[in-house]
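Here are some friendly notes to read alongside the model.

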Amino acid sequence: MPLSATTPSLPASGRASGDADRAPQQPSDGALIDRIRKGDAQAGEMLVERYAPSLLRYLQRLAGSEHAAEELHQQTWLSVLEHVEKFDPAASAGGFKAWLFRIATNKANDVWRSRGRQRSATEGLKLVTETEAPDASHRMAGVEQEAKLLRAIDQLPEAQRQVLLLRYYSEMKFVEIADMLGCPLNTALGRMHKAMLKLKQLMDE
Amino acid sequence: MTTNANKEALLVLYLANELSAGERDEVERMLAAEAPMRAMLDELRGAAGTITAALARLDESQPLPAAEVAGVARRTVRSMNQWQTRRLASQAAPARNSNPRRGLAGWRGYALAAAVAILFIGLYVYWGQQGVTSTPPAGEVAINDPVISPEDWRNLDAPVDPGNPADRAASELAASFDARPAQQESLANMELEMAKLNELAGRSDTGTQ
């Protein structure tokens, strides 16, 4: 039996939006970028709506709180506007999506460094424990698992966490992720490998 | 030789379905031949399954409602529009600041033009006066020459007498005017201006009546 027949894909949310997932009648990212360059505000709105679900989720997991995620989301798009003239789709492997997630990652890194990891991790845990549940006993086990996962994610080295979350929420290919992070492909793959094993070990503890 | 790091990288790409058909066949040949590599794949596959499921559960337990996403998108778009407005305003500000400079330059230009016009008018008036009061060149007879006596003025209609000093002086003066076209032109201009002034005065009189 071929091994690939039973091979599950690596972590991916299956909900990432982007140019490849758009309806045929929808304008491409490149067309919208051109319109933004000409000052078309509606084009910006369309791009924001296209990427908001996956980008928000990614930032939420990276920053550890909804509030921080929204703040980063805004900062990311303002940065997109600020540098849209310099964006060259041909220069980056993942196109606009990779560029967008790179900006978001850099913004999150800035916040992470300035506020400190501990505070973000605490906020992230608080989000989990404050969630209302219909069935308290059943919910408790779930909450514990989720808290464990969040703690495990938080314990990952930053570089590994970024690769894992980028893969899951943006669903970019590893070639694109490596290009986005500015590291060799083998480095990105090594980080992913280590992140998955470490996360599994932390979850099993 | 394929190192462990390379094998890990290949297995990640293999699980992600990001290998070409040829590379995939090659990895499967390696997996068939190497038990340790198969163990690595199983370990990685198990971890991938656990993590994918855990992250999916986490996202389900903390859903991002469409309304919430739309709200964030709306607020983001608003801040983008505000940013664009600020940028346009800052681009327009230097242009506005340059206007006063242009206005000042224009004002200076007008002042200079007015000064030049005043200078020309002054020179024109001055030259006009010079034309009337200038001392005639040597050899010419001045209009107020004392040789023309009050009695001569009373005999203006008398025929020219070459022996009379006054008639001779008048003849020389006329000849000197004939030889000076500039002065003639000046006189003609003055006559023209006088005629225009008379005409205007006449119009003004008929207008007020």
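1. In α9(A), residues A:N186, A:L189, A:G190, A:M192 and A:H193 meet B:A5, B:E8, B:A9, B:V12 and B:L13 of α1(B); residues count as in contact when their C-beta atoms, placed from the backbone, lie within 7 Å. Helices here are DSSP runs of H or I with at least four residues, strands are runs of E with at least two, and both are numbered from the N terminus. Sorted by class, this contact has six nonpolar, three polar and one charged residues. Nonpolar covers Ala, Val, Leu, Ile, Met, Phe, Trp, Tyr, Cys and Pro, charged covers Asp, Glu, Lys and Arg, and the others, Gly among them, are polar.

2. A word on the basis of all this: the model is predicted, with local features needing pLDDT of at least 70 and side-chain atom pairs counting only at pLDDT 80 or more, while totals for chains, interfaces and linings use all residues. Residues are numbered from 1 along each chain as its sequence is written, and chains are lettered from A and ligands numbered from 1 in the order in which they are written.

3. How do the axes of α9(A), residues 185-204, and α1(B) cross? They come within 9 Å and cross at roughly 80 degrees, the axes being lines fitted to C-alpha atoms over the stretch in contact, with angles from 0 to 180 degrees between N-to-C directions. The two helices are therefore roughly perpendicular; that label covers 65 to 115 degrees, with under 35 roughly parallel, over 145 roughly antiparallel and the rest oblique.

4. Stepping back to the contact between the chains, chain A supplies 43 residues and chain B supplies 41 residues. On the side of chain B that touches chain A, the elements giving two or more residues are α1 (4-15), α2 (21-33), α3 (35-61) and α4 (66-133). Of these, α3(B) gives the most, with 16 residues. By class, the residues on this side of chain B are 21 nonpolar, eleven polar and nine charged.

5. Within chain A, have a look at α2(A) (residues 41-63) and α7(A) (residues 158-170), whose axes come within 9 Å and cross at roughly 155 degrees. That makes α2(A) roughly antiparallel to α7(A). The residues in contact are A:S54, A:R57, A:Y58, A:R61 and A:L62 from α2(A), with A:L165, A:Y169 and A:S170 from α7(A). Their classes are four nonpolar, two polar and two charged.

6. A:V175 may be worth a glance too; this residue lies in helix α8(A), residues 174-181. Leaving aside neighbours within four places in sequence, A:V175 is in contact with A:A93 and A:L185. The C-alpha atoms of A:V175 and A:L185 are separated by 6.0 Å, with the two residues ten apart along the chain.

7. Chain A has nine helices and zero strands, and chain B has seven helices and zero strands. Buried residues make up 42% of the 205 residues in chain A and 11% of the 209 residues in chain B. Taking contacts between residues at least 6 apart in sequence, 70% in chain A join residues at least 24 apart; in chain B, 44% do.

Technical notes:
Contact = placed C-beta atoms within 7 Å. Buried ≥ 20, exposed ≤ 12 C-beta atoms within 10 Å, placed from the backbone.
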